[in-house]
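This report describes the sheets, the loops and the ligand site of one protein model. Please examine the sequence and the structure below before reading on.

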Amino acid sequence: MTHHLVVTTSRRPAPKLIVEAGQWAQRLEAKAVPRGDCSLPTIAAQENVAGILVVGANRPIYYEPDRGIQYFFHPSMAKVRIHNIKSGRGDPMITAMGLADGDEVLDCTLGRGADAIVASWIVGPKGKVVGVEKVPLLAQLTIDGLQNYEIKPTDVAAALRRIQAHPADYNHYLPKSGTDSFDVVYFDPIFDEPLERSQDMAVLRALGDEEPVSVEAIEQALRVARRAVVIKQRAGTALWQQLPFSVQLTSGTTSRIEYGVISV
Ligand SMILES: C[S@@+](CC[C@H](N)C(=O)[O-])C[C@H]1O[C@@H](n2cnc3c(N)ncnc32)[C@H](O)[C@@H]1O
């Protein structure tokens with residue numbers, strides 16, 4: 001679901017921030033509103049919008065006063081997961097994907113980019129990770145965050161910077177992608193029932209598009225993938241039985257998550 005929004009700055013903005021807010025407004029095809037001394041609920045009411053992207057000195061933050069939503073880019077669990085891999089504990093998504101140095105991955109549901117960052121770290125500079133996100137606000141915040149978010153160590157920062165992220169719907173992107181153009185095509189749709197109790201996931205769920213993955217999209221993904229299509233789901237989902245493909249299941253970080261692997 002796309003929310004109607006405007007862009008403003010933090011209070012008493014430096015001239016640079018006003019320019020940046022204008023650029024964000026262009027990117028999001030939204031109106032830029034001078035902040036003045038207004039509170040965010042006042043701006044939302046005056047402009048008759050649900051959401052406001054506030055461009056501040058540190059990072060852009062999206063607010064929806066009525067729903068109590070505050071959202072900004074951060075790499076979520078990606079850093080911990082990469083640390084686990086470095087410590088030899090592995091990562092269930094990487095295992096499900098069978099991912100290695102030099103591989104090429106298309107992440108159809110980029111979201112905040114955590115899965116793409118872990119994949120990017122594994123495939124390295126010789127590989128490639130492309131991510132597409134349908135909701136323009138999420139896509140633009142993730143594109144910006146992947147380029148600019150300051151994170152250490154440098155190998156993790158490099159993994160963020162290498163991801164090629166696009167604002168796009170996979171239903172349009174997949175049919176335009178070449179046959180056999182990625183090793184793995186990945187879907188992490190928003191689960192039909194909320195699972196994670198984390199505030200992080202609740203916000204992504206509120207802002208993200210909840211469309212379930214269709215047979216047609218998986219058929220396209222199987223054409224685009226050289227090796228496998230991998231789908232993350234809540235364990236026990238009816239989806240696996242509904243699909244007209246042979247799905248091999250591997251368990252996720254917790255027993256409540258599983259990855260379905262459809263080999264090409
Ligand atoms: C559960 S989140 C993905 C989280 C992501 N794996 C991460 O690590 O941050 C699902 C995302 O897919 C996006 N999405 C849903 N349908 C889409 C579509 N047709 N094309 C592109 N993105 C889509 C949603 O807006 C949402 O941001």
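In which sense do strand E3 and strand E4 pair, and over how many bridges? The model discussed here is predicted. In this model, strand E3 (residues 51-55) and strand E4 (residues 60-64) are paired in the antiparallel sense, with four bridges between them. Within this pair, Val55 has Pro60 of E4 as its bridge partner.

Strands of a sheet pair through backbone hydrogen bonds, and the pairing may be parallel or antiparallel. The pair E3 and E4 belongs to an open sheet of five strands, whose order is E2-E1-E3-E4-E5 and whose pairing is mixed. Its edge strands are strand E2 (31-32) and strand E5 (69-71), each of which pairs on one side only.

Two helices pack on this sheet. Helix H6 (residues 136-148) touches strand E1 (5-9), E3, E4 and E5, and its direction makes about 155° with that of E4. Helix H9 touches E4 and E5, and the angle between its direction and that of E5 is about 100°.

## The seven-stranded sheet

A further open sheet has seven strands in the order E8-E7-E6-E9-E10-E12-E11, again with mixed pairing. Strand E8 (164-167) and strand E11 (248-251) stand at its edges; each has a single partner strand, so one side of each is left without a neighbour in the sheet. On average, neighbouring strands of this sheet are turned by 20° against each other, direction ignored.

Strand E6 (residues 104-107) and strand E9 (residues 182-187) run parallel and are joined by three bridges. Here Leu106 stands opposite Val185 in E9. Helix H6 packs on this sheet as well, where it touches E7 and E8, with its direction at about 160° to that of E8. Helix H10 (residues 215-224) lies across E6, E9, strand E10 (225-234) and strand E12 (257-263), and it runs at about 145° to E10.

## Two loop residues

Where is Pro153 found? Pro153 is in the loop between H6 and helix H7 (154-162). The peptide bond that leads from Lys152 to Pro153 is cis, with omega near -5°.

Asn48 is found in another loop, between helix H2 (40-47) and E3. The phi angle of Asn48 is near 60°, a positive value in a residue other than glycine.

## The ligand site

How many residues surround the ligand? There are 24, and the closest are Asp115, Glu133, Asp169, Asp188 and Asp209. By class, the shell holds 11 nonpolar, five polar and eight charged residues.

In the case of Cys108, a polar backbone atom is 3.4 Å from a nitrogen atom of the ligand. Taken alone, the ligand exposes 610 Å², of which the protein buries 96%. The elements that contribute two or more residues to the shell are helix H5 (114-123), strand E7 (128-133), helix H8 (170-176) and helix H9 (199-207).

Conventions: Residues numbered from 1 in each chain as written. Predicted model: local features only at pLDDT ≥ 70, side-chain atom pairs only at ≥ 80, totals over all residues. Heavy atoms only, no water. Near = heavy atom within 4 Å. Polar contact = N/O pair within 3.5 Å; in protein donor to acceptor, adjacent residues only side chain to side chain. Areas by Shrake-Rupley, 256 points an atom, 1.4 Å probe, with all protein chains shown as cover. Nonpolar A, V, L, I, M, F, W, Y, C, P; charged D, E, K, R; others polar. Pairing = 2+ DSSP bridges. Contact = heavy atoms within 4.5 Å. Axes fitted to C-alpha atoms, helices over the stretch in contact; angles between N-to-C directions.
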